[in-house]
Amino acid sequence: MKNVNTVVSTAMASLILLGVSGLPSLAFAADKKDMEKCYGVAKAGKNDCKTLSNACAGHSTADNQKDAFIAVPAGTCERIVGGSMEAPADMK
């Protein structure tokens, strides 16, 4: 029984570590020269970084939330209906 608990604990710790190590790459994706932030087009729970109403990637609560963004290749956001490269002025 003790071995099962150890295996489960180790597996859970590994999953948490993998999740935490992936967060910085999402935050920096929008800072890359060939990427841009595109606001207002992310599906609920699929945003790349924090919004004014939450603190983490993947925590937007509604589709097309105006202050949630995803990183897209430069020049793509202006071609997406509803996409904006600027956060809403009242939400900055």
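Trainee: What percentage of the 92 residues of the protein chain count as buried?

Mentor: Keep in mind that this is a predicted model. A residue is buried when its relative accessible area is under 20%. Across the 92 residues of the protein chain, the share that counts as buried is 25%.

Trainee: What pattern does the protein chain follow along the sequence?

Mentor: Begin with the elements. The protein chain has one helix and two strands. Read along the sequence, their pattern is α-β-β.

Trainee: Is Phe69 buried or exposed?

Mentor: Phe69 is in strand β2, residues 69-73. Its relative accessible area is 5%. Buried means under 20%, so Phe69 is buried.

Trainee: What distance separates the C-alpha atoms of Phe69 and Ser84?

Mentor: Look at the sequence, then at space. Phe69 and Ser84 are 15 residues apart along the chain. Their C-alpha atoms are separated by 8.9 Å.

Trainee: Which residue in the loop between β1 and β2 is Asn64 by exposure: buried, partly exposed or exposed?

Mentor: Asn64 sits in the loop between β1 (35-39) and β2. Its relative accessibility is 44%. That value lies between the 20% and 50% cut-offs, so Asn64 counts as partly exposed.

Trainee: What is the phi of Asn64 near?

Mentor: Most residues other than glycine have a negative phi. Asn64 is a residue other than glycine, yet its phi is positive. The value is near 60 degrees.

Key
Residues are numbered from 1 along each chain as its sequence is written. This is a predicted model: local features need pLDDT of at least 70, side-chain atom pairs count only at pLDDT 80 or more; totals for chains, interfaces and linings use all residues. Side-chain values use heavy atoms; hydrogens and water are left out. Helices (H or I, at least four residues) and strands (E, at least two) are DSSP runs, numbered from the N terminus. Buried means under 20% relative accessible area, exposed over 50%, partly exposed in between (1.4 Å probe, protein chains only).
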